Amino acid sequence: NNNNFYLNASYNGAFGTGWRVTSGMSYGYNNNKVKYNSNDVDSNENAAQLKLKLRKHFSNYFNLSFGADYFITKFNENFDDNIALKVSNGYDSNIAAFYTEGDILFSKYLALKVGLRLSNNSLLNETNLDPRASMAYKVSKNSQFSFAYGDFSQTPVVDYIKYSKYHQFESEKAQHYILNYQFTKTGQTFRAEAYYKDYSNLVQYDTKD
């Protein structure tokens with residue numbers, strides 16, 4: 001048996017000289033009641049997200065944007081075998097993130113995007129600083145090469161993190177290197193991509209089973 005609710009709202013607008021603001025909020029509730037033979041598993045999750053982004057157009061060669069995200073999650077799961085075992089698992093998580101990103105157009109052929117994201121995870125008790133950059137070079141009217149690099153981090157999925165009171169998890173991390181070629185014209189698109197991704201701190205099992 002499942003009950004759920006989701007709501008979101010957003011706002012886009014302009015102010016001052018060349019400034020744009022994008023903001024949003026969302027809230028979700030999810031409740032599951034599962035019965036398997038004599039076992040009962042009840043879980044519920046409340047989650048909310050707040051976002052704010054500011055963007056400034058300085059010239060035809062430079063744009064700057066920066067913003068913040070805030071994620072709030074409360075999850076609880078109760079297991080009852082209706083004989084002798086009752087277990088509760090869950091977590092409260094707050095993630096605050098701040099970021100900035102700049103777009104630089106060197107010429108009509110060459111463009112660069114650089115960014116930096118700083119995040120703090122209260123559940124994992126850690127702070128991450130993730131740099132990202134991409135460069136695109138237009139080789140003809142219809143084609144271009146691009147290269148991107150980025151560091152990314154995320155909280156392990158709920159199936160693991162709900163046991164966080166028994167084990168201190170870490171953010172799962174990845175480094176991405178992506179080389180891309182794209183050719184487009186009316187009615188046709190060709191795209192080729194090569195990438196290398198290096199993962200670390202992935203959740204692993206340490207038992208023989």
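Tyr 149 is partly exposed, with a relative accessible area of 23% (partly exposed lies between buried, under 20%, and exposed, over 50%, with a 1.4 Å probe and protein chains only). The model is predicted: local features need pLDDT of at least 70, side-chain atom pairs count only at pLDDT 80 or more, and totals for chains, interfaces and linings use all residues. Residues are numbered from 1 along each chain as its sequence is written, and side-chain values use heavy atoms, without hydrogens and water.

**Aromatic pairs**

- The whole structure holds 10 aromatic pairs (rings of Phe, Tyr and Trp, the last by its six-membered ring, with centres within 6.5 Å; planes under 30 degrees apart are stacked, over 60 edge-to-face, the rest tilted).
- Phe 15 and Trp 19 are stacked, at 6.0 Å centre to centre and 15 degrees between the planes.
- Phe 15 is partly exposed at 40% relative accessible area, and Trp 19 is partly exposed at 23%.
- The pair of Tyr 149 and Tyr 177 is tilted, because its planes are at 50 degrees, with the centres 5.0 Å apart.
- This pair links distant parts of the chain, 28 residues apart: Tyr 149 in strand S8 (residues 143-154) and Tyr 177 in strand S9 (residues 172-185) (strands are DSSP runs of E, at least two residues, numbered from the N terminus).
- Tyr 177 is partly exposed, at 31%.
- Phe 15, Trp 19 and Phe 66 are linked into a cluster by ring pairs.

**Charges over rings**

- Lys 56 has its charged end over the ring of Phe 58, 5.5 Å from the ring centre (NZ of Lys or CZ of Arg within 6 Å of the centre and within 35 degrees of the ring normal).
- Lys 197 lies over the face of Tyr 195, 4.9 Å from the ring centre.

Methods. Helices (H or I, at least four residues) and strands (E, at least two) are DSSP runs, numbered from the N terminus.
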